[in-house]
Amino acid sequence: MKKILAVFIIFLLSFQPGYSAAKKSQPKIKEPVISDITEKKIILPPEEDFVSEEDEETNPLLSFIEKAVSGAPNDNEAKGAILEAEALYRKIVESFKEGKSADAKRYFSLFINKLESASVDPGLYFFMFNDLESLITKLKRIHSIDTPAPVLKSEKLSIPMECEDNSLVERYIQIYSTSYKKSVKASLERSGAYKDMILKTLQSFNLPEELQYLPIVESHFNNKVISTAGAAGIWQIMPHRGRALGLKINYWIDERLDPEKATKAAALYLKDLYVMLNDWHLVLAGYNRGEFGLIRDMKFSNASNISEMTGRNAIPKETQKYIPQFIAAVTIANNLEYYGFEPDELKYAKPVLYDVVKTDKVIDLKIAAECAGTTLEEIKKLNPALKAWCTPQGYPGFELKIPYGSKAKFLENISNVKDLNPSPGVVKYKVVKGDFVDKIAAKYKTTAKEIYKDNPELSKQKYLRIGQVITVRPGKKHYQ
């Protein structure tokens, strides 16, 4: 059914002004020919060469429209308002024909209000674009308007910094500025590494700037934090949520720990929540609780806001406290001196500068460090999402971060490397008291079978001898 609906929407899209031309003008992926790649061509072409035509089934626009279309038949409230609007429209026509201009004007006002009360899903606006454009064109012709429409700036959104009961906000302000002051100070200092990037991302999504302080509540801006529930990174994104937002999470990589990608994912989620809930306090509660859990709570308690759900004890205590905690964090961050923080004493972390290279090959991080003229520790620090000893497998176009200013040196050096992901090699291990094969295998992240394979003489021995030297081929996890 979804497939049929998607095809239907795509069919309708093809008749929209500019859609076909835009689709034809989209650049295609320039697939590298595998057999032609030499070691000097492991770095992929620039970003613009990899702007792809989105898969129609995963296109956010199609998903947005599909969700609206599939949900419309079940929206009885909207259907009722639309029918009432239709009745008012007929009254407009009737009054106009009878020359009752005052009545026509009154019915037109009621008609517009009734349409607004229908709360039509934004995904359905797509099907009205032609009609609205025709309406505007006719009005411009009637009024002899030849000038182009003014450019309207996007509405600057903001989050209300008060609750119906501000006592909990005041309590958290007191806690954050006294007993938790040291922790808040450390959070603010760590935020320096991410602030510019987060603000830029929020602006690109037209989100309130207050959200830059949400990681204080989530993680204290500690990118290494993993909650007991499995949420990770400065935005504390759960694995299933991260994958749904397009982050890669597997054996090789966890992009929840990539601050930039995680910030874009969090911004997308917050934007989706706002489209869905249209209330910033509900959005924050949804970010903490999950939108489906929050909607269940609202339906169960027949409530429309946080205050009502709290009064009816319909949401978890953690979610009840979440918004006051956020407001307290924002209030303090914007009024540091007033709440006893000395701005001059805050040692803000500096944004990390780096170069980016794209690779379609798996590269051992030790080799990457050597080619960039740095250390393995620095490469891992610049790429916190990497979980293995190398760049992720099955990830063409992976962006490897290297120290700022080292890109030219890196490209020159790595073009001469014959084996980008060599075997970890072997070590000669000297047996000590208490050793046995399984213990040694565990130490080097390999198996007893592999040790026996490299040391056939061991199969003839009942016990290891102290001082005996054996060959061990460490597993790759040993070097992580």
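1. Axes here are lines fitted to C-alpha atoms, for helices over the stretch in contact, and angles run from 0 to 180 degrees between N-to-C directions. Helices (H or I, at least four residues) and strands (E, at least two) are DSSP runs numbered from the N terminus. The model is predicted: local features need pLDDT of at least 70, side-chain atom pairs count only at pLDDT 80 or more, and totals for chains, interfaces and linings use all residues. Residues are numbered from 1 along each chain as its sequence is written, and side-chain values use heavy atoms, with hydrogens and water left out.

2. The axes of α13 (residues 280–289) and α16 (residues 317–333) come within 9 Å and cross at roughly 125°. Contact means heavy atoms within 4.5 Å; on the α13 side the residues include His281, Leu284 and Tyr287, and on the α16 side Tyr322, Ile323 and Phe326 are among them.

3. Helix α8 (residues 181–191) has Val184, Ser187, Leu188, Glu189 and Ser191 buried (under 20% relative accessible area, 1.4 Å probe, protein chains only). Their cover includes α7 (167–176), α9 (195–204), α10 (214–218) and α16.

4. Thr471 lies in strand β4 (residues 469–472) and is buried, with a relative accessible area of 15%. Leaving aside residues up to four places away in sequence, Thr471 touches Val426, Val427, Lys428, Asp454 and Asn455.

Terms used:
Buried < 20%, exposed > 50% of the residue type's maximum accessible area, 1.4 Å probe, protein only.
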